[in-house]
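Me: I'm new to this one, can you walk me through it?
Reply: Gladly; here it is to look at first.

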Amino acid sequence: MNGAKQRNIVDSSSWLRDSLPGTYERILYGIEARVVDQHLTLNPRFIFPAHIGCIKAVSVGGRYLASGSTDEIIKVYDLKKRIELGSLHEHRGSITALQFHGSSHLLSASEDGAICIFRTKDWEPLKVLKGHKGPINSIAVHPTGKLALSVSRDRTVILWNLLTGQRASRTKTPRIGELVLWSPSGSLYAVVYETEIQLYSVGQADALSTIFARQRILSILIVTHKGIDYVLCGCQDKRIHVFSTAGTELASVQCHENRIKGLSSVDVAFPDGVVCPMVVSISSDGHIRVWRFADLIEPVDDTSASSISTKDVYMPHVKPLAEYNAGVRLTCVAVSGNTF
């Protein structure tokens, strides 16, 4: 149980994906995942200086990649043609969050307290959402594209109606919300504080559960595996912690040699027909690593998450499927599910 595990991927059609991390050194990477001799490899597809400030956010929508920086600029790229399409200058503060909905719209947030909605057909700004009285830390677009959430240093979380471009509700939070995220189905959402996550069901005012972390949470991911939602936290302690939506910690895996700055995922169909999330983690140690989610939780994978005691937290030693050392401080990451 404590031995290192490594799974081979034997079907090259399963993996032709890009991991796209941003860096403190203002460099944007495109890292291609490819199968070579039945092993997953990560190699640079492109590396170029993208901004004149630290890159704080990246997002992928179809063929488009967007990056945002402390230089207050959003850069837009065409991954298929591998060219820069231009830059967006609607904000008057550092870009703090970016998220595409499909490939048709891009939402951006900034320290200026505004959220901008861009149409990718011509990159025109369709709407500027204003409701926060302080810098926005994070945004999350609902899978339907009809709603969005935002958290700010003004200690509020706002639910936006994207069909009308109006605020649907504004709720005070006990502390500053640092991250916000929808589950893949859109039935749950998470609000992250420094060492705590509150999970909510849509339409319910009270939290469904509260997750407590031992160290500061720097990144969060919700994945669905075999019909069950799991919450992953990348923390200051160099570990990925896996929780059930009931708040029970199921696994804790040391994945890096420094704090984990970003998590992303993509579902991959394996040769045995099983679809499993692949988790991409990045760290201030400069490494990009790919993990098969099932390897992180295998002993509890077929057990009801609610029946696991907190004293039974699984702490495996797992080898990544692949890794790449960028040699710089990584700050954020997005994963493309498309092949070009």
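**Strand β5 and its partners**

Reply: β5 and strand β6 (residues 74-78) pair in the antiparallel sense over five bridges, where strands are DSSP runs of E with at least two residues, helices are H or I runs of at least four, both numbered from the N terminus, and pairing needs at least two DSSP bridges between the strands. This is a predicted model, in which local features need pLDDT of at least 70 and side-chain atom pairs count only at pLDDT 80 or more, while totals for chains, interfaces and linings use all residues. Residues are numbered from 1 along each chain as its sequence is written, and side-chain values use heavy atoms, with hydrogens and water left out.

Me: What sits in the turn between β5 and β6?
Reply: The two strands form a hairpin with four residues between them, and Glu-72 in that turn has a positive phi of about 75°.

Me: Which residue of β6 is the bridge partner of Leu-65?
Reply: That partner is Tyr-77.

Me: And how many bridges join β4 to β5?
Reply: Six bridges join strand β4 (residues 55-61) to β5, and these strands run antiparallel; Ala-57 has Gly-68 in β5 as its bridge partner.

Me: Is β5 buried or exposed?
Reply: Six of the six residues of β5 (residues 64-69) are buried, so the strand is largely enclosed by the rest of the structure; buried means under 20% relative accessible area, exposed over 50%, and partly exposed in between, with a 1.4 Å probe and protein chains only.

Me: Switching topic, how many helices and strands are there in the protein chain?
Reply: The protein chain has one helix and 28 strands, and buried residues make up 56% of its 340 residues.
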